[in-house]
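Here is a short report on helix packing and the nonpolar core. Start with the structure itself.

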Amino acid sequence: MYTGLQHAHSGLAYLALLALILVILWSLVGALTGREYQEKDRKIALIAFILCHVQLLVGLILYFVSPLGYSLLSGGGAMADAAARLTALEHPLINIIAIVLITIGYSRAKKLESSKAKFRSIYMLYAVGLVLILSRIPWGSWLGN
Ligand code: HEM
């Protein structure tokens, strides 16, 4: 089960990051060209939203089955080790905050009136979320193998 979840989390990371980048660019172009926000734009933003939420669910389960997750916190000494601190604390915490911001960006866009404000809500909050996610990826273990 652990290996399956690890592969799913690693593979989904590519999809979620790619979807976030594409939605940010899509919404930025939408705002800059001043076109009307349509149902199609909401659905495109929804793709990245769903991928991030699936990643959150897989990550939460992984956190309790991985030797690099919660178990490191209970063993003590994890805070003194940068690699352990990253996977056991910083990566989960910052990513949850990032996904909350992405959720706000998507939900706010539904309530706002003007098309420009809708596009802006998506590209701004998705971009802040993306930067937070990128800042706490265990790059060495992910792309290193
Ligand atoms: C969009 C959000 C997220 C992205 C893009 C992401 C991405 C990644 C990546 C690329 C890795 C390294 C995978 C590897 O070495 O093969 C990783 C590892 C990990 N992630 Fe996430 N993650 C996200 C959210 C979360 C959340 C919310 C949690 C927990 C609550 C979490 C828990 C973990 C754990 C425990 C590991 C270490 C797994 C292991 O190798 O044993 N992740 N994540």
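Which residues of the largest nonpolar core touch the most other members?

## The core

They are L20, I122, Y126 and I133, out of 31 residues in that core. A nonpolar core here is a set of buried Ala, Val, Leu, Ile, Met, Phe, Trp, Tyr and Cys residues joined through side-chain atoms within 4.5 Å. Buried means under 20% relative accessible area (1.4 Å probe, protein chains only).

Helices α1, α2 (39-65), α4 (82-111) and α5 each give two or more residues to this core. α1 gives the most, with 10 residues. I133 touches L17, L20, N95, A98 and I102, leaving aside residues up to four places away in sequence.

## Basis of the model

The model is predicted: local features need pLDDT of at least 70, side-chain atom pairs count only at pLDDT 80 or more, and totals for chains, interfaces and linings use all residues. Residues are numbered from 1 along each chain as its sequence is written, and side-chain values use heavy atoms, without hydrogens and water.

## α1 against α5

The axes of α1 (residues 2-33) and α5 (residues 115-135) come within 8 Å and cross at roughly 150 degrees. That makes α1 roughly antiparallel (over 145 degrees) to α5. The crossing is left-handed.

Contact means heavy atoms within 4.5 Å. On α1, the contact residues include L17, L20 and I21; on α5, they include F119, I122 and Y126. By class, the contact of α1 with α5 has 15 nonpolar, two polar and one charged residues.

## α1 against α2

The axes of α1 and α2 come within 9 Å and cross at roughly 155 degrees. These helices are therefore roughly antiparallel to each other. Their contact has 21 nonpolar, four polar and two charged residues.

Note on methods:
Axes are lines fitted to C-alpha atoms, for helices over the stretch in contact, and angles run from 0 to 180 degrees between N-to-C directions. Helices (H or I, at least four residues) and strands (E, at least two) are DSSP runs, numbered from the N terminus. Angles under 35 degrees count as roughly parallel, over 145 as roughly antiparallel, 65 to 115 as roughly perpendicular and the rest as oblique. A crossing is left-handed if the near helix is turned anticlockwise from the far one by less than a right angle, and right-handed if clockwise. Ala, Val, Leu, Ile, Met, Phe, Trp, Tyr, Cys and Pro count as nonpolar, Asp, Glu, Lys and Arg as charged, and the others, Gly among them, as polar. Buried means under 20% relative accessible area, exposed over 50%, partly exposed in between (1.4 Å probe, protein chains only).
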